[in-house]
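Visitor: Could you take me through this model one question at a time, and let each answer end on the value or name I ask for?

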Amino acid sequence: MTRLIKKTIFPGIILVFLLTTQGCKSAGDMKKEAAQPLSQSELLTLAQTPPMGWNSWNPFGKNVNEQVIRETADIMVSSGLKDAGYTYIVIDDYWQGTRDSAAGKLNFNSERFPSGIKALADYVHSKGLKFGIYSDAGTLTCGDQPASFGYEENDARMFAEWGVDYLKYDYCYCPDYGSENNDYKMAIARYQTMGNALKATGRPIVYSICEWGPRSPWLWGKEVGGHLWRVSYDVGDKWDEPRNEHSQIGILTAIDVMCDLERFSGPGAWNDPDMLVIGLKNSGYIKGGGCTPEEYRTQMSMWCMFSAPLMLGCPVSNMMDETKSILLNKDIIAIDQDPLGKQAFRVWRKDGVEAWKKALSNGKIAMAFLNRNSKETTVSVPQEQLELDEKTSYEAYDVWLHKTVKQPASSMQVTIKSHETLVFVLSPLTK
Ligand code: GLA
């Protein structure tokens, strides 16, 4: 009898106890418990090559809505952009509604997103694409929308429940925003808080830090869980513009900011010189005057030499042939996505022309020649000045002409249009 009690009644009591204690917990609590935080090594596998996709800010800004996102997802597939590697679709600022501060819940703007963000994420996923969203580490976003300060865990959990795969996290209205001390400890704390909250959701979410550079995010971005960090202010649709706090910079300015930051970038975590302006032609939300085809080609060339994230910033409907030929150039994209993940560094500079070198996998080398001059320029540079072995002969493949081009022995000679960048993949020839 005692044995029977032990065998049947005692386990029964335990079962009832377990059921009742579990029964006290809400469904939400159970869900929270189910999430297994991601480990640091799992997180780093998320961006082994620089993320590629599309972001709503440059073309649509305040006017983003669910129709725009759905159409963009459709065209990403039909235009071949998805097959070329552009997989993330990121809604930037202005998706938010009000914050219910009692419940801590951030609502979406139901006028512009009547079906809700979850349904939109599902639609994007149904196209084989990934879905990204935007928030900010301060009390308001840069567009004065409710932001995540103090609500990091709630927001991260909601993003994960919606199926978010990428979060761009801005720095407006943080406690030190607007002060001149550029408090990097404050920035580390704010980005770490959201980094931890994302990790705790158990969902793999690419974390894009958008602090714009004054607090040197390349020094701490990876430690707080970041996969990419902006190195400077917003790139406008313009060639050159000096860097002033919070104002637009030009393509060339961003290139100069990237110089010397190469040691901080690599598989898992990347320097981000901002989104692409290619194809905007001074239309869309951000403006800036527009760029020439050569200047847009330079942005693509140098961003790929830098192993920079490639986030498209033009409307993808009615892209001009010129835009398509730049954005869909598989040869230049292959340089960006090369598994070694090296950022190019400047090896040579003279009379307004400079050469940038990037090691590729399989012993190949990418070499770019950028012409800052307002006129076409021809240069001839001995191999050794390009930090190439002077005794090795290389086959030079021009990634914009899509063919191998002849080069003189032991040097490189190039004619570059104003503001153009030529890029070659050099393969050592065995004797
Ligand atoms: C900042 C960012 C931009 C964009 C806007 C949105 O300026 O740098 O990329 O996200 O905010 O308000």
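Visitor: How far does a polar side-chain atom of D170 lie from an oxygen atom of the ligand?
Guide: This is a predicted model, in which local features need pLDDT of at least 70 and side-chain atom pairs count only at pLDDT 80 or more, while totals for chains, interfaces and linings use all residues. Residues are numbered from 1 along each chain as its sequence is written, and side-chain values use heavy atoms, with hydrogens and water left out. A polar contact is a pair of N or O atoms within 3.5 Å; within protein, one must be able to donate a hydrogen and the other to accept it, and residues adjacent in sequence count only if both atoms are side-chain atoms. For the polar side-chain atom of D170 and the ligand oxygen, the distance is 2.9 Å.

Visitor: Which residues come nearest to the ligand?
Guide: A residue is near a molecule or strand if one of its heavy atoms lies within 4 Å of it. An oxygen atom of the ligand is 2.7 Å from an N or O atom in the side chain of D92, and a polar side-chain atom of D93 lies 2.8 Å from a ligand oxygen. Of the 13 residues around the ligand, those that come nearest are D92, D93, K168, D170 and D234.

Visitor: How many charged residues does the shell around the ligand have?
Guide: In this classification Ala, Val, Leu, Ile, Met, Phe, Trp, Tyr, Cys and Pro count as nonpolar, Asp, Glu, Lys and Arg as charged, and the others, Gly among them, as polar. The shell has six nonpolar residues and one polar residue, and the number of charged residues is six.

Visitor: Is D155 buried or exposed?
Guide: Helices (H or I, at least four residues) and strands (E, at least two) are DSSP runs numbered from the N terminus, and D155 lies in helix α8, residues 152-162. The side chain of D155 is joined to that of S148 by a polar contact of 2.7 Å, and the C-alpha atoms of D155 and L106, 49 residues apart along the chain, are separated by 7.1 Å. Buried means under 20% relative accessible area, exposed over 50%, and partly exposed in between, with a 1.4 Å probe and protein chains only. Because its relative accessible area is 1%, D155 is buried.

Visitor: What is the phi of S307, which is not a glycine?
Guide: S307 is found in the loop between α11 (293-305) and β10 (310-312). With a relative accessible area of 0%, S307 counts as buried. Its phi is positive although the residue is not a glycine, at about 55 degrees.

Visitor: Where is S216, another residue with a positive phi?
Guide: Phi of S216 is near 45 degrees, a positive value in a residue other than glycine. S216 has a relative accessible area of 22%, and therefore counts as partly exposed. Its place is in the loop between β7 (206-210) and β8 (228-230).

Visitor: How far apart are the C-alpha atoms of G225 and E376?
Guide: G225 also has its place in the loop between β7 and β8, and with a relative accessible area of 14% it is buried. G225 and E376 are 151 residues apart along the chain, and their C-alpha atoms are separated by 44 Å.

Visitor: What share of the residues in the protein is buried?
Guide: The secondary structure comes to 13 helices and 18 strands, and the C-alpha atoms fill a box of roughly 100 × 50 × 45 Å, taken along the principal axes. Of the 431 residues in the protein, the buried share is 52%.
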